[in-house]
Amino acid sequence: MKVLQLTFFVFLLLPGRASSQVDFIVKNKAGYDNQEILEVQESYSKALHALERTWKQMNLIWDVEASGKEKWDVRMSRWNENEWFLMWLGRAEEPRQIRIANKRLGKMKRVMKGKKAHLIFQSPDKTFNCKWSKHAWTIPKGKVVIHCCPQFMYLSPVHKSKAFVHEIGHESGMPFHRKVYWRRAALRTAQERPIKALKNPENYAYLVMQYYE
Ligand SMILES: [Zn+2]
């Protein structure tokens, strides 16, 4: 199959908001047309914008004038008043939880914003890894390289964005999800085992989707 290597520069200039430029390198081994590839890139860019909005919320929780115990009390009460952080990352009961989230979200934002996105569209006859990761997979090392399986193309634009945030989570120090996939499992984990949720890319993916526009 013919291998097309295309580089796209997508500039998103949105009024009243800092613009983010995503630099893509595309390997289209599946023979999709340009329009299909552009739509996937738009899902990636929208995922980045949602992640940036989530990071702003994290800053609003984190940036406190007070010090010592009072600082953490304020951070925890702000966290618990944010329905989405509460829902997807669990109730904050100790400083450690907020520290983990701040570190992970910050890393995800830096990775997604600061690195080129290599999108590999797998040829339908070479989808060995797609047996385990149905939609997309990545090897969390060095460059951001996201392999999109044939099934990925059937996802809605929002779910493509969600899948990208999930993969960026893997690229940002969260290699595992210990069987926590999809909405119900992520919600239950946040309620019952918040520390586990805080180390799970699926929980961050759902949180970020709350800030999707
Ligand atoms: Zn995964």
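So, pLDDT is the predictor's confidence in each residue, from 0 to 100. I start there because what we're looking at is a predicted model, and where pLDDT is low, the predicted coordinates should not be read in detail.

How does the confidence look, then? Among the elements of the chain, helix α3, residues 83–89, has the highest mean pLDDT, at 98. At the other end is strand β1, residues 4–12, with the lowest mean, 40. The chain as a whole averages 89, and 91% of the residues score at least 70. The stretch to be careful with is residues 1–19, where pLDDT stays under 50.

Okay, the core. The largest nonpolar core has 47 residues. Which ones have the most contacts inside it? Those are Leu51, Leu89, Ile146, Cys148 and Val165. And the element that gives the most to this core is helix α1, residues 34–62, with ten residues.

Leaving out anything up to four places away in sequence, Leu51 touches Met108, Lys109, Met112, Val165 and Val208. Val165 is also on that list of residues with the most contacts inside the core.

Now the helix packing, and α1 keeps coming up. Take α1 and α8 to begin with: they pack at an angle of about 90°, with their axes 8 Å apart. Angles of 65 to 115 degrees count as roughly perpendicular, so α1 is roughly perpendicular to α8. On the α1 side you have Ala50, Leu51 and Thr54, and they meet Leu207, Val208 and Met209 in α8. By class, that contact divides into five nonpolar residues, one polar and no charged.

Next, α1 with α2, which covers residues 68–81. Their axes come within 8 Å and cross at roughly 140°. That makes α1 oblique to α2, because the cut-off for roughly antiparallel is over 145. The residues making this contact are Leu60, Ile61 and Trp62 from α1, and Arg75, Arg78 and Trp79 from α2. They divide into four nonpolar, no polar and two charged.

Helix α6, residues 182–192, and helix α8, residues 201–209, have axes that come within 9 Å and cross at roughly 100°. So α6 and α8 are roughly perpendicular to each other. From α6 the contact takes Arg183, Ala186, Thr189 and Ala190, and from α8 it takes Glu202, Asn203 and Tyr206. The class count there is three nonpolar, two polar and two charged.

Two single residues before I stop. Is Asn102 buried, exposed or something in between? Asn102 is in helix α4, residues 95–114, and has 16 other C-beta atoms within 10 Å, so it is partly exposed. Not counting residues up to four places away in sequence, Asn102 touches Met58 and Trp62. Its C-alpha is also 9.3 Å from that of Ile61, 41 residues apart along the chain.

The other one is Glu42, back in helix α1. Glu42 is partly exposed, with 16 other C-beta atoms within 10 Å. Glu42 and Lys160 are 118 residues apart in sequence, yet 9.6 Å apart in space, C-alpha to C-alpha.

That's what I had. Happy to go back to any of it.

Technical notes: Residues are numbered from 1 along each chain as its sequence is written. This is a predicted model: local features need pLDDT of at least 70, side-chain atom pairs count only at pLDDT 80 or more; totals for chains, interfaces and linings use all residues. A nonpolar core is a set of buried Ala, Val, Leu, Ile, Met, Phe, Trp, Tyr and Cys residues joined through C-beta atoms within 7 Å. A residue is buried if 20 or more other C-beta atoms lie within 10 Å of its own, exposed if 12 or fewer, and partly exposed in between; C-beta atoms are placed from the backbone. Helices (H or I, at least four residues) and strands (E, at least two) are DSSP runs, numbered from the N terminus. Two residues are in contact if their C-beta atoms, placed from the backbone, lie within 7 Å. Axes are lines fitted to C-alpha atoms, for helices over the stretch in contact, and angles run from 0 to 180 degrees between N-to-C directions. Angles under 35 degrees count as roughly parallel, over 145 as roughly antiparallel, 65 to 115 as roughly perpendicular and the rest as oblique. Ala, Val, Leu, Ile, Met, Phe, Trp, Tyr, Cys and Pro count as nonpolar, Asp, Glu, Lys and Arg as charged, and the others, Gly among them, as polar.
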